[in-house]
Amino acid sequence: MILAVCIKRVPDTNARPQVAPDGKSINPQGIEWVINPYDEFAIEEALRLKEKAGTGEVVGVSVDPDGNESILRKALAMGVDRGILVKGGSMFDGAVTAELLAGVLKNVKADLILFGKQAVDSDSYQVPSLVAHHLGLPRANVVTKLEIQGTKAVCRRQIEGNEELLELSTPCIVSCQKGLNEPRYPSLKGIMAAKKKPLEVLEAPPIEARIEILKMEPPPPRPPGRIVGKGREAVPELVRLLREEAKVI
Amino acid sequence: MNTELQAVDPFELTETQKMIRDTVRDFARETLAPRAQELDRKGDFPMQNFRDMAAMGLTGIPVPEAYGGAGADTLSFILAMEEIAKACGSTALTLAAHTSLGTMPIVQFGSEEQKRKYVPPNASGEVIGSYGLTEPQAGSDSGATRTAATRVSGGWRVQGTKMFMTNASVAGLFVITAVTNKDAPKHERISAFILERSFPGISIAKKEDKLGCRASDTCIVNFDDVFVPESNLLGQEGHGFSYFMQILDGGRIGIGAMALGLAEGGFERCVEYSKTRSAFGRPIGAHQAIAFKIADMAVQIQAARHLLYHAARLKDAGRPYKREASMAKLYASEMAMRVLREAIQVLGGYGYMTEYHIERMYRDAKLCEIGEGTSEIQRIVISRDLLGKL
């Protein structure tokens, strides 16, 4: 069984990214880059499926404008067998990313392609579905339980107030949600072995950008809290504001 | 909360070293730190921490791959120790004793057969290692060892008592020193032995109660006529003193890293507090009295880190490092006491409370001025190395 895992490099979720002086990008200074947290569920799931099968290969694939290898190396340290890095694309143009990934995945011929359900920087949720479209494969998104039964992938996903059960025929695409598993830490042996594992770097073919970033700005500062009154008398007004203004009840 | 001190990396760590540091940092922060307070309060051995470290391969970091370890360098071990100590001093001490003292003597001086038999279970963490050197009448003067090994048919009989053996009550393997020829010159009297816990005659006389590192296991161990087969003499007869001097050189870098990590753990909390706590209408960090303390702490921490990483790199390069290891351990452990004392002061009343962790770190750090050679012994080692024997 060949399992492909698509991963993205994102700023550490504790980082507070600043807009760069050009007003169109993130200032990379002082940012620690990590594997997109949802992609870690995908990596862990692929490793577990391989371990359960007792055989197979896990291939990590990443598109990175800077050709930064760090997250693929970490994936290799966690146990992924080999990596393919596509140098090119952009951090925010999911359509380009999907096309580049599809181009690589076509040749990997994986039985199962795993993604995180979303990247925590661009939050566009589109890449798994777009890749499925390019490759003509079935896909299940936001999956919390996955089981391979022969040539079927049985997926469970949370829907409003209930759970949906999907059966996909392999090869297929699954995007992973928190709750699917608990990602492992890389072991020391894994880290030592990572530098010896193959990591292929490919130059991205030219693809027309679908998105142009015109401007980036930080979210507006949160307005300060407000005291609507004191004691019992304030309750009706508080309820009204919570309902009509904050829209939380 | 990352240490701003490490954001600018003047140490040119390799990608592998950085990945080890970052992985252990995440693990320590997420897994070890939340358990530290209760372990300290109860004084129970951190068995779950040890098992979790074993699962990650942290119980054999510098052990060669051929004997089941990760085969990483000394600096990687130091980086891991530092991160573990930031979260839990007791766990750091447990790992230091297991690795540097309980396992590395066999790696360094054992026969091929001994290495194959005893190192892999230690490296995988299946067996915990312990080291016995100190005795009731032989502390800093470890040459005054009285535990004796008498030659008998097929091996030795060991008789004596060892003090302050870290990990002893949970250990499956002991490396100890004993006098094998009391008439020989002082430095040729002693030999080292590998003892399995199951050898008849080994008993834990007492589990000690301590100021700090309270979850670390410290015991008095009796060896009552313990038969040790010939094949368990470590290295050559009469070389024990020389072996443990070399082992302590390496161990000292580990204890220095523990001190560094503890200081950093306190410092990080202190920085956070000085930004968020206000007094007289400003964050306390805006008052020079606090700001200068923070600056002084940062300088000392960074100085200790330079000394330690340098000593580790000398060892990795196969160059002499005895003096540098002693300097690093001496400075780092005394630095940790100063920095943590000031860190408590910055937090004031809160610093004195157990809830804020720093008082625990302060108690834990005191160990570093005593274990694996007191500060006074380090000054002897350094000055003798500089001046020669006058």
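This is a predicted model: local features need pLDDT of at least 70, side-chain atom pairs count only at pLDDT 80 or more; totals for chains, interfaces and linings use all residues.
Modeller: Local features need pLDDT of at least 70, side-chain atom pairs count only at pLDDT 80 or more, and totals for chains, interfaces and linings use all residues. Residues are numbered from 1 along each chain as written, chains are lettered from A and ligands numbered from 1 in written order, and side-chain values use heavy atoms, without hydrogens and water.

Colleague: What makes Glu65(B) and Lys196(A) a salt bridge?

Modeller: The rule asks for a side-chain nitrogen of Lys or Arg within 4 Å of a carboxyl oxygen of Asp or Glu. Here the N to O distance is 4.0 Å, so the pair meets that rule. The count between the two chains is one.

Colleague: How do you know how much area is buried between chain A and chain B?

Modeller: Buried area is the accessible area (1.4 Å probe) that two parts lose on being put together, summed over both. That comes to about 1,400 Å², with 65% from carbon and sulfur atoms. In chain A, Tyr185(A), Leu188(A) and Met192(A) lose the most, together 49% of what that side buries.

Colleague: Why is Cys176(A) called buried?

Modeller: Buried means under 20% relative accessible area, exposed over 50%, partly exposed in between (1.4 Å probe, protein chains only). Cys176(A) has 0%, so it is buried. Cys213(B), at 1%, is buried too.
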